[in-house]
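This report covers one protein chain, shown next.

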Amino acid sequence: MVIGMCRSFRDRALDRCYHCFPCLSDPARRSSLVLKVTLVMLHLVYVGILFLFDSDLIDKTKKEPWYTALYLLLFLATLVQYFITSGSSPGYVLDAMRAVNETNVICKQSSMAKQRQTASSKNGSLPVEGCQSGRNFQGTDSTSWTKLVMDMYPPGTSIRSCICPYCNVEQPPRAKHCYDCDKCVLHFDHHCVWLGTCIGQGNHCKFWWYICEESVLCLWTGILYITYLRANISRAWWNDAIAILLLIPLSIFIVFLLLLLFFHSYLILTNQTTYELVRRRRIPYLRGIPERVYPFSKGVCHNLYDFCCGGSNIYSLEPLPSAQELEEKSRPYTCLDVLTCRCC
């Protein structure tokens, strides 16, 4: 009887909670929310313990307030960048297809309006703008999504090999279906559990800036903890047990973040993704390419420019390189190539 009443009360409380907060009814969104709350609490605990026990830091804040202000500004910027990245779109294939179809409709309407205005004008020289402002892809004003995608593959490629069996949509090169998001992602890199979203073409740059800011923040926090422990080294170790216990996982996390930062920096410089690097032998268009050849690389400088300044259009598509381009990229470097900055 008592157990039944408790279950009934629990069910009603959960129903009321789900009614007030619909996002909690979805297990995936609920786990994502728990992760976000956990991350914020971890940051607050580390910073709060530091300011609670470190009297030298408090004195330094009174003498040099700019030092603490910079640290707290980085702390706030890191959390803001985390939420921006977790809430950003990685660039879904379905959204890109809708953008292409909308562009085609706009261009067709503009073309028809231009023809009517030309026919009704006496001299036929009325200035009517075309679809240049609406183009997101080269040639999308006159081609369908299927033809646009198939033109990016070598001639003779079967359309069945390019269709995702889950989304039932043609996948452009470098796209992959994410089983966690249940969507196809452009330039799929990986699904980040900590962020609760995929990392792809649309948010890879935001992700890199987040791990960069997080790495700097953790390094700075670790230095502050070590400084505190060195200043109180004469005391018994159990008096600073909390700081020691917090410093151990923080050190591990710093090593992990730095390795992750260097790894993604390498991927950016060579225009690769984590999925392409790890599953290179299982991806059809990468099987016959030597491991030291980066088929999508345009040079270090160009790769950096596309990564940092190419975020205005998250639906830009990239065709597979031709055999001639692959042969050129697989050619060994010579002294002349170094002098002419071929790698750039």
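The sections below go through these topics in turn.

## Basis of the model

The model is predicted, and local features need pLDDT of at least 70, side-chain atom pairs count only at pLDDT 80 or more, while totals for chains, interfaces and linings use all residues. Residues are numbered from 1 along each chain as its sequence is written, and side-chain values use heavy atoms, with hydrogens and water left out.

## Annotated spans

An unreviewed UniProt entry lists residues 33–53, 65–84, 207–229 and 241–263 under "transmembrane region". UniProt positions are in the numbering used here, feature names are shortened, and annotations may be inferred rather than shown by experiment.

Residues 207–229 are 100% helix and 0% strand, with 33 Å between the end C-alpha atoms. For residues 241–263 the end C-alpha atoms are 34 Å apart, and the span is again 100% helix and 0% strand. Helices (H or I, at least four residues) and strands (E, at least two) are DSSP runs, numbered from the N terminus.

## Nonpolar core

The largest nonpolar core contains 36 residues, and Tyr71, Leu195, Leu224, Tyr225 and Leu250 have the most contacts inside it. At least two residues of this core come from each of α2 (27–53), α4 (65–86), α7 (204–231) and α8 (241–270). The largest share, twelve residues, is supplied by α7.

A nonpolar core is a set of buried Ala, Val, Leu, Ile, Met, Phe, Trp, Tyr and Cys residues joined through side-chain atoms within 4.5 Å. Buried means under 20% relative accessible area, exposed over 50%, and partly exposed in between (1.4 Å probe, protein chains only).

## Pocket and cavity

The second largest pocket has a volume of about 550 Å³. Its lining has 22 residues, and Ser161, Gln171, Ala175, Tyr275 and Pro284 lie nearest the centre. By class, the lining of this pocket has 15 nonpolar, four polar and three charged residues. The pocket lies between domain 1 (21–90 + 200–313) and domain 2 (92–106 + 143–185), because both give residues to its lining; the domain bounds come from an automatic or database domain assignment.

The structure holds one cavity of 30 Å³ or more. Five nonpolar, three polar and two charged residues make up the lining of the largest cavity.

On a 1 Å grid over the protein atoms alone, a cavity is a set of points where a 1.4 Å probe fits but cannot get out, and a pocket is an open set with protein on both sides within 12 Å along at least five of seven lines; lining residues have an atom within 4 Å of a point. Grid points are joined across faces, edges and corners, and a volume is the space filled by probe spheres set on the points. Ala, Val, Leu, Ile, Met, Phe, Trp, Tyr, Cys and Pro count as nonpolar, Asp, Glu, Lys and Arg as charged, and the others, Gly among them, as polar.

## Loop residues

Cys164 sits in the loop between α6 (145–150) and β1 (176–178). Cys164 counts as buried because its relative accessibility is 2%.

Asn168, in the loop between α6 and β1, is exposed, with a relative accessible area of 63%. Its phi is near 55°, a positive value in a residue other than glycine. Asp182, in the loop between β1 and β2 (183–185), is not a glycine but has a positive phi of about 60°.
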